[in-house]
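Work through the exercises below with the model in view. Each task is followed by a solution in steps.

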Amino acid sequence: MLSFFTSAPTIQGLTTLFIHTAMIIAAFAFLLGVLNILLVHLGKIARREGGWGYSLALVLVMLAVLVLGRPGTRGPMEGSVAWVLQNIQIPLEAAFLSLLIFFIITASQRALRSRPREAGFMLFVAAIVLLGQIPVGEKILPQWPAFKDWLLAVPTMAGIRGLLLGVALGTIATGLRLLALTDRERYFK
Amino acid sequence: MCGAPNAADNTVCDRCEAALMPIGGEDDAPLEPDSGRPPTTADQDAPAAPEETTESTSSLSRLFPGAKPGRGMPALPDEMHGQSRTMTGETDQPAESSPSPSEGSAESGASDDFTPGWLQEAMGKTDFSDSAETSAELPDWLQETNAPTSDASSPEPRAPFGGDSAPELPSWLRGDEEGGTESPQPPDQEQEELTLEPAALPSWLKSLQPEVVAFSDEIDLARKEAEASSGLLAGIPGPLPVEPIVAMPHIVAPIRQAEISEDVRAGQLLRKLQSRRAAAEAEVKQEAFRFPWQVIGYLVLLVALLVPLLLNTKLFNVERSPEPSKAFFKAVETMPQGSAVLMVFDYEADLMGEMEPEAKAILRHLSERNLRVVSISTVPQGPYLAQQAWNQVAKDDAQTQYGQQFINLGFLVGREIGLRSLVQGKFGLDRPDFTNGRLLHTYAAMKDLRNIHDVGAIIIVGSTPETIRIWLEQVGTKSQQVPILVAVPASVEPAVLPYYHAKQVKGIVVGLVGAADYELQTGHAPSSGAAIDSLSVGALAALFLMAVGALAAIGSNRRKRK
């Protein structure tokens, strides 16, 4: 934090040292995560727990990609690794997100059934924004996109800023409690 | 009637002129107490005349214990009525005319002149305590017991037969004494006490009184119980009383279950299982007959999304350029040719359908402007996606080559720490690039680039608000002279707009429509026309389904209310 307030060489040097140390720790954290996943799922396979077949598939795929991108190759840009990424991972992730629209429709139906007024108001505003995002809204009413921009810039932003202010104040309060050791029993057992 | 004394031969009262009854002439006549006076309210409410007679004569019997009330008792003269009523507290007469009890006793000698002969005779007979003749007529045992009663100095009133002689009493008399029967008292003491005695209440009125005696007995009993009778606190009043009765729970007799044989029990279980199975089957049938509205809705949405993509339609054209998009385009246009741009690819494969058109449109514009692009990413998939986008742009323009207009630095680990390192340190020209693994200083794109402050602009293609916030916090604050431009999905637009209004962000490209708009600004036809059609038709279908769902919900709620 001091480096934000001063440009003293000593402080800047210390900051650089700490940052590089933290980056090395973060890089090893990735490796540690990989090892953790491997051990957890190997244990499941060894104990034949429920769903151990999925664990086996995960371990096999992970080891296969690691072998394909082993040192000495181009790593992620190696042809075989890129093929896995392009033809398996990207379609799967895109497909998962594509299901979101169906979930939204189902959720809206349930919300309308349980709380018709609130859900109806929310869906009305969502319809205004949705039509403003696509060219159809402009064709229906030329002022529609401008109204959508106002809706996002004023009422929506007021709500978002209120939430952000609350989060910031909560973070500050939590930090102060932590620094004052008020919650030491919770954090330092 | 009025209580005033009259001569014995008077037939009418001198004072109130009421008719006077002759004395001693009607021995056989039925007793009519208070005859001649008007009936009072108490008389009217009295339940029975005989009881009233008894009550009225009781005061007289106290006054004259020797006189036995009964049918043979003559009617009281008016003067006796006055005395009786005075003693019983009745105040029909004026206060000054009614003599006080003390006066009454003092004037007893004077009033003897008015006392009829029969009454004087009766009074003489009843004065047995002072009469030696009467004592002589008493039996021996009674004389002995009567002797102490003549002692006027005795402080305590004695029982008529003496307390000491109680054991000698016959059993029937002892029983009466124990039973609390009212014992006669000597006439002198009795006379004094009678003057202070309150009026005798009729039985019907007594029945209305609360049982004071019983209550006081209870209090006495409670006091006795409160006083400890044994132990260290013996005789000390006031300890916490012992609960005399221990509250015991009700004892419920165990319900005797009928002995059921194993066969009957098995039969009951079988019947229960069969009923459950029937209910489950009915429920399954009901579910099976439910019309699959939800599946039909999904199919409608799927068709709306797929048809424009499959047919490659161009139904909806982008005709409007938002202000942030214009600012973005203007910032790129004003950059000097040959300058470098740091382009951040912070999105993953799930949002590639929306983010990649933006990235390609921007890369194409940068390439056309002959600007060098240094790519970096803080998410693991970012470097690959950046390379893929560049490859597609380079495919359209044969003059662009990797290493001259574009270079991929790869993944920057550590998020905030990594960005801080990027700001604090250098690019590290002695490390390899992501795509070819060659050292950075060997590429022409990295010429004269030592750190982030040497680039002309930072373009962040980020999929989350947090990504934009981190870059602005860690990099924007340290390199304020470098303009920051962002490209985000439509869902992130509300979170990024404040940065644009605060001029921390110089321009924004939003979503698929924003990418098409940007392409239009650069003079190219939107490459994602079919995707925009798919998005538009899909959005309309979603709105249609929501409206249908709202109507169905309203109808369902109304049916439930009915």
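**Exercise 1. Classify the lining of the second largest pocket, then locate that pocket.**

Step 1. By class, the lining holds 22 nonpolar, ten polar and three charged residues. Nonpolar here covers Ala, Val, Leu, Ile, Met, Phe, Trp, Tyr, Cys and Pro; charged covers Asp, Glu, Lys and Arg; the others, Gly among them, are polar.

Step 2. This is a predicted model, in which local features need pLDDT of at least 70 and side-chain atom pairs count only at pLDDT 80 or more, while totals for chains, interfaces and linings use all residues. Residues are numbered from 1 along each chain as its sequence is written, chains are lettered from A and ligands numbered from 1 in the order in which they are written, and side-chain values use heavy atoms, with hydrogens and water left out.

Step 3. The lining of the second largest pocket counts 35 residues, and A:V34, A:V65, A:L66, A:P76 and B:P380 lie nearest the centre. A pocket is an open set of points on a 1 Å grid over the protein atoms alone, where a 1.4 Å probe fits, with protein on both sides within 12 Å along at least five of seven lines; lining residues have an atom within 4 Å of a point.

Step 4. At least two lining residues each come from helix 2 (9–47), helix 3 (52–68) and helix 4 of chain A, and from helix 17 (382–396) and strand 3 (406–411) of chain B. Helix 4 of chain A gives the most, six residues. Helices (H or I, at least four residues) and strands (E, at least two) are DSSP runs, numbered from the N terminus.

Step 5. The second largest pocket contains about 1600 Å³ of space, a volume being the space filled by probe spheres set on the grid points, which are joined across faces, edges and corners.

**Exercise 2. Describe the largest pocket.**

Step 1. Its volume is about 1800 Å³.

Step 2. The largest pocket has 47 lining residues, with A:L97, A:L100, A:I101, B:E354 and B:L535 nearest its centre.

Step 3. Sorted by class, the lining of the largest pocket gives 33 nonpolar, eleven polar and three charged residues.

**Exercise 3. Is B:T464 buried, partly exposed or exposed?**

Step 1. B:T464 sits in the loop between strand 4 and helix 19 (465–476) of chain B.

Step 2. Its relative accessibility is 28%, so B:T464 counts as partly exposed. Buried means under 20% relative accessible area and exposed over 50%, with partly exposed in between (1.4 Å probe, protein chains only).

Step 3. From C-alpha to C-alpha, B:T464 and B:Y347 are 7.9 Å apart in space, yet 117 residues apart in sequence.

**Exercise 4. Summarise chain A.**

Step 1. Chain A has nine helices and zero strands.

Step 2. Of its 189 residues, 23% count as buried.
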